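Biologist: I am new to this structure and would like a close look at one part of it. Could you pick that part and take me through it step by step?

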Amino acid sequence: MHADAVVLDVDGVLVDVADSYRRAIVESVDRLHGRTIDREEIQLFKDAGGFNNDWELTYAAALYVLADDRESFSLSLPAFADRIAERGGGLSAAEAVVEAHLSADEYAAVEDAWDTDALRETFQALYLGADLFRELEGGDPPFEADGYINDEPVIVEGETLDHLTSYYRTGVLTGRPAAEADIALARSKFAVPADHRFTMDDWEEGKPHPHALTTLAERLDADSVVFVGDTLDDVRTAVNAAAADDSRTYRGVGVLTGGLTGEEGREKYEATGAAAVVDSVNDLPDLLSPPEE
């Protein structure tokens, strides 16, 4: 596969977030509501689309838990995720699905119990830990914690990064806040200039909107771009970029080191339009041909 530039996602590509972000989602909901979803069920929201922001995924999971306590609510979690996908994905779709399946009084009660500010604060306290919470959030956490951010094994190997940075122009496109992206990139030993990366702080739309990827392609002066990610929305981002910018070639490559794994994950990527699926980012050098070849 030919490429001038390679753009990498962070979570599930450079670092493993199964015991950090995903654990924080599950435990934040449980702390506030006394019950939660299973960690494996997080992937239902990811596949539905529009949940690149894990805070919003946490809000949607909490919304489901609160709605599921209501007698008239009859959707299973897979069915809930399917309805979200049918409405275009994301948190607003989740809210619309809940509203459509509850009476007006029940929906009002769910809304009253649904505290997204408290969910975000709990999530950040669990994920960052007390010291980093104080540094990045600018206040005291609601409780003391060590921080799941310390439980993110690095997936990408130094040899892989050496190869990619030697042969290609490289960039990063992540849904992480900039400060948290800095930590993961430093841990991965992947140095990326500020104008060659997009984080949550740099754009409002989020994946799978193509703006960030097409902008990076322009900044990298690339005719052909490969974007490597661990979710269907990452692949959709490349597909949408190709539709929005016919002056360049965009290809999405899925990795099986995130929530999508095995043959089922491979099939989901391919059905969404992935140009290729690899076991991990470390297989990328064998997939790509150097630009000069």
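Modeller: Strands (E, at least two residues) and helices (H or I, at least four residues) are DSSP runs, numbered from the N terminus. Please keep in mind that this is a predicted model, where local features need pLDDT of at least 70, side-chain atom pairs count only at pLDDT 80 or more, and totals for chains, interfaces and linings use all residues. Residues are numbered from 1 along each chain as its sequence is written, and side-chain values use heavy atoms, leaving out hydrogens and water.

The loop between β3 and α11 (211-219) holds Pro208, which is joined to Lys207 by a cis peptide bond with omega about 10°. Lys207 also forms a salt bridge with Asp9, side chain to side chain (3.2 Å, N to O). This pair links distant parts of the chain, 198 residues apart, since Asp9 sits in the loop between β1 (5-8) and α1 (21-33). A salt bridge here is a side-chain nitrogen of Lys or Arg within 4 Å of a carboxyl oxygen of Asp or Glu, and the structure holds 20 of them. In the loop between α10 and β3 you will find Lys189, a residue other than glycine with a positive phi, near 65°.

Let us step back to the domains. The domain assignment (automatic or from a database) gives domain 1 (5-16 + 153-287) and domain 2 (18-148). Each of the two contributes 18 residues to the contact, meaning heavy atoms within 4.5 Å. About 1400 Å² is buried between them, 48% of it from carbon and sulfur atoms; buried area is the accessible area (1.4 Å probe) that two parts lose on being put together, summed over both. On the domain 1 side, Asp16, Glu180 and Met200 lose the most area, together 29% of what that side buries.

Across this interface the rule finds one salt bridge. The elements that give two or more residues to the side of domain 1 touching domain 2 are α10 (178-188) and α12 (232-244).
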